[in-house]
Amino acid sequence: MAKNVQAIRGMHDILPSQTPLWQLLEDRVRDVLERYGYQEIRMPLVEQTELFKRSIGEVTDIVEKEMYTFEDRNGDSLTLRPEGTASCVRAGIENGLLYNQLQRLWYQGPMFRHERPQKGRYRQFQQIGVETFGMAGPDIDLELILITHRIWQALGLSDGLELQINSLGTADERLAYREILVEYLSSNLDQLDEDSRRRLDGNPLRILDSKNPDMRELIAAAPTLMDHLGDESRAHFDVICAGLEATGVDYVINPRLVRGLDYYARTVFEWVTDRLGAQGTVCAGGRYDGLVEQLGGHATTAVGFAMGVERLVALLEETNIEPEAQVDAYLVLMGDEPQRQGLLLAEKLRDQLPDLRLITHCGGGGFKSQFKKADRSGARYALILGDDELEKGIVSVKNLREQAEQQEIALDQLAEFFKK
Ligand code: ATP
Ligand code: MG
């Protein structure tokens with residue numbers, strides 16, 4: 001036998017047994033987003049490498065070590081998108097969606113990062129993301145958080161998800177704080193790990209995001225940006241907190257929350273759970289007012305978030321949420337003439353009942369084996385059409401999920417039967 005070709009490590013098939021739960025999640029998220037007036041945008045999976053270097057930042061985990069970068073046949077450096085925000089901004093600028101406009105956009109799709117695969121961390125993973133443009137005030141930051149909160153409610157995940165928020169201030173405020181932080185870290189150089197020492201010059205704020213347990217104490221005692229915010233940033237943040245209190249959304253202020261990307265300013269937030277081990281962040285977002293201009297557009301304020309669908313599905317699997325059955329009926333066909341007539345019957349039923357999910361048996365075989373397939377399909381009813389039934393002008397109907405007598409339904413009554 002030929003040797004199997006395997007999927008790439010960290011890139012998973014989502015099998016037919018799993019897709020109903022994925023679809024349930026996607027449907028409910030889309031529903032909430034539509035209720036807030038968000039429009040879908042679809043971007044390519046591949047972009048010029050430069051786009052991510054210029055947006056995410058050179059001294060970040062993603063750009064330093066996680067990108068799938070390759071040379072195109074004509075020598076251009078391309079990258080499989082590691083996230084959606086940069087692509088969305090690129091698309092917005094390129095298509096004139098951002099200048100002097102308000103936009104509320106969302107997207108969904110795979111992202112690629114060359115990380116060490118483990119539970120909740122994959123090399124191809126799915127995000128649903130939201131990006132808004134042209135709104136400078138805290139009202140839109142608040143709206144985004146309320147949307148995520150409503151999504152957890154729609155999915156029955158509210159319990160056990162904690163909202164953490166922080167403000168990163170403006171670029172100037174960060175610059176001033178950066179000096180204070182570098183001074184603190186430099187005076188504790190012996191406690192910094194290798195990664196952090198390297199970041200001390202390039203991106204010291206990222207040191208606060210370190211997951212190294214040896215540095216936990218050092219980080220906990222560091223001066224916080226929250227204590228060095230300017231008045232406007234402070235006011236912006238306070239409005240969000242007040243809005244969350246008014247709408248009854250619990251939150252904690254986490255002054256260590258800095259996010260792993262360079263483009264954030266002011267508001268950042270994450271939804272975190274302790275039920276997924278180390279991979280506890282299921283949704284993360286924030287304001288990125290400088291990014292559009294940084295990528296060549298007119299200065300445009302922006303806020304967004306992205307959620308990790310695999311992690312949310314893992315949480316959903318622990319709940320008792322049940323996706324709806326996918327099949328209503330399975331048509332068992334015994335004999336040549338029933339096979340011919342059954343096809344016509346099935347098509348007629350589909351004309352009459354647009355919502356009916358009906359599998360017509362194909363491939364022949366005996367009654368027992370067809371019936372087994374009907375059961376395995378998950379269908380609620382088996383419809384049986386043989387020569388006897390044809391002669392009598394009926395279909396035998398067997399409820400596969402409940403104890404009940406097999407019924408005979410006249411062919412012209414079948415549509416009525418399913419309407420009920
Ligand atoms: P983490 O701290 O877990 O590495 P991140 O800060 O790199 O996350 P973001 O870039 O903010 O993640 O992406 C938003 C969300 O996408 C995350 O909160 C997470 O739920 C999900 N996510 C990120 N990377 C992965 C991955 N490799 N596998 C699965 N989900 C991921
Ligand atoms: Mg990461």
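**A friendly note on helix packing, aromatic pairs and a few residues**

1. Let us start with two helices. Helix α2 (residues 49-56) packs against helix α4 (residues 85-94) at an angle of about 110°, and their axes are 9 Å apart. That makes α2 roughly perpendicular to α4. The wording follows set bands: angles under 35 degrees are roughly parallel, over 145 roughly antiparallel, 65 to 115 roughly perpendicular, and the rest oblique. Axes here are lines fitted to C-alpha atoms, for helices over the stretch in contact, with angles from 0 to 180 degrees between N-to-C directions. Helices (H or I, at least four residues) and strands (E, at least two) are DSSP runs, numbered from the N terminus.

2. Before going on, please keep in mind that this is a predicted model, in which local features need pLDDT of at least 70 and side-chain atom pairs count only at pLDDT 80 or more, while totals for chains, interfaces and linings use all residues. Residues are numbered from 1 along each chain as its sequence is written, chains are lettered from A and ligands numbered from 1 in the order in which they are written, and side-chain values use heavy atoms, with hydrogens and water left out.

3. Which residues of α2 and α4 meet? From α2 come Leu51, Phe52 and Ser55, and from α4 come Ala86, Ser87 and Arg90. Contact means heavy atoms within 4.5 Å. By type, the residues of this contact are three nonpolar, two polar and one charged. Here Ala, Val, Leu, Ile, Met, Phe, Trp, Tyr, Cys and Pro count as nonpolar, Asp, Glu, Lys and Arg as charged, and the others, Gly among them, as polar.

4. Leu291 is found in helix α10 (residues 291-294) and is buried, with a relative accessible area of 0%. Buried means under 20% relative accessible area, exposed over 50%, and partly exposed in between (1.4 Å probe, protein chains only). Leaving aside neighbours within four places in sequence, Leu291 is in contact with Ser55, Thr85, Val89 and Tyr263. The C-alpha atoms of Leu291 and Ala86 are separated by 8.3 Å, though these residues are 205 residues apart along the chain.

5. The axes of helix α5 (residues 138-155) and helix α9 (residues 231-246) cross at roughly 40° and come within 9 Å. That makes α5 oblique to α9. Pro138, Asp141, Leu142 and Ile145 of α5 make the contact with His236, Val239, Ile240, Gly243 and Leu244 of α9. These residues divide into six nonpolar, two polar and one charged.

6. Helix α9 also holds Ser233. Is Ser233 buried or exposed? At 1% relative accessibility, Ser233 counts as buried. Apart from neighbours within four places in sequence, Ser233 is in contact with Gly169, Thr170, Glu173 and Arg266.

7. Arg266 lies in strand β9 (residues 265-272) and, at 15% relative accessibility, counts as buried. Most residues other than glycine have a negative phi. Phi of Arg266, however, is positive, near 55°. Asn100 has a positive phi too, near 60°. Asn100 lies in the loop between α4 and β5 (103-112) and is exposed, with a relative accessible area of 71%.

8. Finally, the aromatic rings. Rings of Phe, Tyr and Trp (its six-membered ring) pair if their centres lie within 6.5 Å; planes under 30 degrees apart count as stacked, over 60 as edge-to-face and the rest as tilted. By this rule there are seven aromatic pairs. One of them is Phe417 with Phe418, edge-to-face at 5.2 Å centre to centre and 80° between the planes. Both Phe417 and Phe418 are buried, and together with Tyr381 they form one aromatic cluster.
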